[in-house]
Amino acid sequence: MAPKPPITAALVGRTVVAWAVTLVLFFPLGWLVLTAFKTEMQAISVPPLLFFTPTLENFAEVQARSDYLLYATNSVITSVISTLLGLAIAFPAAYSMAFFRSKWTRDLLMWMLSTKMMPAVGALVPIYVLAQTAGLLDTRVALIIVFMLSNLPIMVWMLYSSLRDIPHEILEAARMDGATLWQEFRRVLLPLGMGGLFSTGLLCLVLAWNEAFWSLNLTSAKAGTLATMIASYSSPEGLFWAKLSCASFMAIAPIVVFGWFSQRQLVQGLTFGAVK
Amino acid sequence: MFRLRSATLNANGAASAATQVAIPRPRAEVNRFLPRALLAPSVVTLFLWMIVPLVMTIYFSLIRYNLMQPGETGFIGLANYEYFVTDPSFWAAIVNTLLLLGSVIVITVVGGVALGLLIDDPFPGRGLVRVLLISPFFVIPTVNALLWKHMMMNPIYGVLAQIWHFFGAQPVDWMQDWPLFSVIVMVAWQWLPFATLIFVTALQSMNREQLEAARMDGARYLQQLRYLYVPHLGRSIAVVIMIETIFLLSVFAEIFTTTGGGPGDASTNLAFLIFKQALLNFDAGVASAGALVAVVLANVVAVFLIRMIGKNLD
């Protein structure tokens, strides 16, 4: 790899600026985590406390007040299943677009993306009525369907742009050697497209986990996700920042840690073929 | 859509005009049917996802439909539209929607490119900086909103108020006096990491030799930026604008959990206005009319975007 850069004024300057900007941008999140371990009095102390004896009592209170584990389970189930289902139907479509290009491939892709541009709220009343009629209000099934459909255009687009980079010749060679469609998929497409599949899945998992509009409007106590649990802390009931921070910390910790570990894979797919 | 269906039915007929198979394939009989069969699940579900709510919304928008008075439904023509469009909140909401969209895109693209350039070359702790920088993108919007509203922007105990105090300034009541700006800050904070990471990745594929040559020839930084970096980032910028537009046109949770659209309509965007009509005023008819207006606006923006940057996305 590249040799270690010599220490220059420019390098020192860049390091300082980069760290300063990063710390400012990360500060709100860091502050949230600190506050989660404070007592309510410490949370609103003036001037703000940076050093204090941490307490864990907020965690017990949050679990007691709102059933954290239930919401967390709902978040995991809805985001994972909707992502897997979405990938299962988006991958064939992306494959078809990438390897059987036709003159309307581009239009089809743009149409798919345009369905995503319509604000979800435009479909609120009908979807609510449909969910109600089908008895799906406040169920995970409703969220899974909605999450899957609302991420589908992004999935097709991401998978399409990653599959498009696979040279046709490789598939041709496999066919010439007599590979069946399944073998072609299993032995050639899947290994080569794994990166794209992985990063698409990661992004959609994050998007589904963080989805707040439909979960706020279609679910409540039974199938609510962590996003809805937090919204219930928005009503002002005196000063409750430590508990709010703690609940927030518990709600985002799984996905943030997950994101940290997967960010490299995630980012590779996020280029949407923008990098040649 | 319909073409797809009929083409599938004709699969064993003559070569269909819709497909241009680039390379000759041995499994020719599969090739006409297969691409459509593979597309079908995605296309059909998305089509249903689009058309069913759309038709229902059109229907609801033409009748009297109040959720509190379920019995009274009757055709009332365009009255719901008239009500929605002549509501003074309407124009405020349109302006707010576009302001929010535009500001966040400008902040995240400019800031993202700047940050991307800043952390493009190695420096001590670059890996950790990347991890910390991307974090806000993973934060649930409702958490993001409450975090900023209380811990950061509270006029008495918030961190910003304390900083203002420290410098002897009068703390700002952000939610009251700068509601839309506050929402913009929250949303931009969430999307800046996303833009930054896309640009960082794109910068990694810069042609280093070309850059080196330009430096040798004495190109100043601004010149390098203008003639090398920005053109190279063109496609990524298009991608960022496209994806962010998709999500920013319908910002909801940040407004719902913080300002509630207020004070007045100061931070009401179109999505929130429709929500207010539907679930706070229980007027599903007016909300449906509003939804269709939103769909039209989304399409206007989409057409505009695709014209502008669509060719970068192909």
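In which loop of chain A is the place of A:Asp138? In this predicted model, A:Asp138 lies in the loop that runs between helix H6 (124–133) and helix H7 (140–163) of chain A. The residue is not a glycine, yet its phi is positive, at about 60°. Most residues other than glycine have a negative phi. A:Asp138 has 15 C-beta neighbours inside 10 Å and therefore counts as partly exposed, a class that falls between buried, at 20 or more, and exposed, at 12 or fewer.

Contacts between the two chains were examined next. On the side of chain B, 87 residues are in contact with 84 residues of chain A. The most residues on this side of chain B come from helix H2 (residues 28–62), which gives 14. Sorted by class, the side of chain B that touches chain A comprises 63 nonpolar, 19 polar and five charged residues.

Within chain B, helix H3 (residues 79–86) packs with helix H14 (residues 284–309) at an angle of about 70°, and the axes of the two helices are 8 Å apart. Angles of 65 to 115 degrees count as roughly perpendicular, so H3(B) and H14(B) are roughly perpendicular to each other. H3(B) contributes B:Asn80, B:Tyr81, B:Tyr83, B:Phe84 and B:Val85 to the contact, while H14(B) contributes B:Gly285, B:Val286, B:Ser288, B:Ala289, B:Gly290 and B:Val293. Of the residues in this contact between H3(B) and H14(B), seven are nonpolar and four are polar, with no charged residue.

Conventions: Residues are numbered from 1 along each chain as its sequence is written. Chains are lettered from A and ligands numbered from 1 in the order in which they are written. This is a predicted model: local features need pLDDT of at least 70, side-chain atom pairs count only at pLDDT 80 or more; totals for chains, interfaces and linings use all residues. Axes are lines fitted to C-alpha atoms, for helices over the stretch in contact, and angles run from 0 to 180 degrees between N-to-C directions. Helices (H or I, at least four residues) and strands (E, at least two) are DSSP runs, numbered from the N terminus. Angles under 35 degrees count as roughly parallel, over 145 as roughly antiparallel, 65 to 115 as roughly perpendicular and the rest as oblique. Two residues are in contact if their C-beta atoms, placed from the backbone, lie within 7 Å. Ala, Val, Leu, Ile, Met, Phe, Trp, Tyr, Cys and Pro count as nonpolar, Asp, Glu, Lys and Arg as charged, and the others, Gly among them, as polar.
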